[in-house]
Amino acid sequence: MSSRTNRILLLVSENGGSTCAQQGNTRRCTDLLAAKKVCYTTVAGADVSQKSVRDRLFGISGVRGNYPQMFVMVEGSMEKVEFLGSWEKIEEMNELNDLPEEVLTKNPELVTLDMVFNECESTEK
């Protein structure tokens, strides 16, 4: 059994409820997830059938109307959801992947995107 039990949730706006910049950031985010081979579930912010999940995610992040927003479902559970950040934070975490290992070791508060994704379900079998 794989130890990768976390899953990514991606809150997006697919029905024009976001700016062109947010739509571009959403595309970059999904491209990044695909490149990193990370399984994720999309929550469409404008989808009435997903309103309760969207509202719960807004409550966790404290951010409304800014897309995309990335969350981790710890152990794949909707009862344990953590906010990773909006695109700017995700991009920053991705850039931290390029830091030398000794810098990361000396600065344990720095969390790279690869550190997060290493605990997540992968699309690779």
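Student: What is the handedness of the crossing in which helix 1 passes helix 3?

Tutor: In this predicted model, helix 1 passes helix 3 in a left-handed crossing. The axes of helix 1, residues 20-35, and helix 3, residues 87-96, cross at roughly 35°; a crossing is called left-handed if the near helix is turned anticlockwise from the far one by less than a right angle.

Student: Which residues of helix 1 and helix 3 meet?

Tutor: The axes of the two helices come within 10 Å, and from helix 1 the residues Asn25, Arg28, Cys29 and Leu32 meet Trp87, Glu88, Ile90 and Asn94 of helix 3. Sorted by class, this contact of helix 1 with helix 3 has 4 nonpolar, 2 polar and 2 charged residues.

Student: Why is Gln69 called buried?

Tutor: Gln69, which lies in strand 3, has a relative accessibility of 0%, and because buried means under 20%, Gln69 counts as buried.

Student: What makes the contact between Gln69 and Asn66 a polar one?

Tutor: A polar atom of the Gln69 side chain lies 2.9 Å from the backbone oxygen of Asn66, and the cut-off for such a pair of N or O atoms is within 3.5 Å. Leaving out residues up to four places away in sequence, Gln69 also touches others, including Leu9, Leu10, Leu11, Phe58 and Phe83.

Student: Is Thr112 buried or exposed, and how do you know that?

Tutor: The relative accessibility of Thr112 is 3%, and because the limit for buried is under 20%, Thr112 counts as buried. Thr112 is found in the loop between helix 4, residues 101-106, and helix 5, where, not counting residues up to four places away in sequence, Thr112 touches Met93, Leu96, Asn97 and Leu104. Thr112 and Ile90 are 22 residues apart in sequence, and their C-alpha atoms are 9.0 Å apart in space.

Student: Which residues have the most contacts inside the largest nonpolar core, and which elements give two or more residues to this core?

Tutor: The largest nonpolar core has 18 residues, and those with the most contacts inside it are Ile8, Leu33, Met70, Leu84, Ile90, Val116 and Phe117. Strand 1, helix 1, strand 3, helix 3 and helix 5 are the elements that give two or more residues to this core.

Student: What is Met70 in contact with, leaving aside its neighbours within four places in sequence?

Tutor: Among the residues in contact with Met70 are Ile8, Leu33, Leu84, Ile90 and Phe117, each of them also listed with Met70 for the most contacts inside the largest nonpolar core. A second, separate core of 9 residues includes Leu9, Leu11, Phe71 and Val81.

Note on methods. Residues are numbered from 1 along each chain as its sequence is written. This is a predicted model: local features need pLDDT of at least 70, side-chain atom pairs count only at pLDDT 80 or more; totals for chains, interfaces and linings use all residues. Side-chain values use heavy atoms; hydrogens and water are left out. Axes are lines fitted to C-alpha atoms, for helices over the stretch in contact, and angles run from 0 to 180 degrees between N-to-C directions. Helices (H or I, at least four residues) and strands (E, at least two) are DSSP runs, numbered from the N terminus. Contact means heavy atoms within 4.5 Å. Ala, Val, Leu, Ile, Met, Phe, Trp, Tyr, Cys and Pro count as nonpolar, Asp, Glu, Lys and Arg as charged, and the others, Gly among them, as polar. A nonpolar core is a set of buried Ala, Val, Leu, Ile, Met, Phe, Trp, Tyr and Cys residues joined through side-chain atoms within 4.5 Å. Buried means under 20% relative accessible area, exposed over 50%, partly exposed in between (1.4 Å probe, protein chains only). A polar contact is a pair of N or O atoms within 3.5 Å; within protein, one must be able to donate a hydrogen and the other to accept it, and residues adjacent in sequence count only if both atoms are side-chain atoms.
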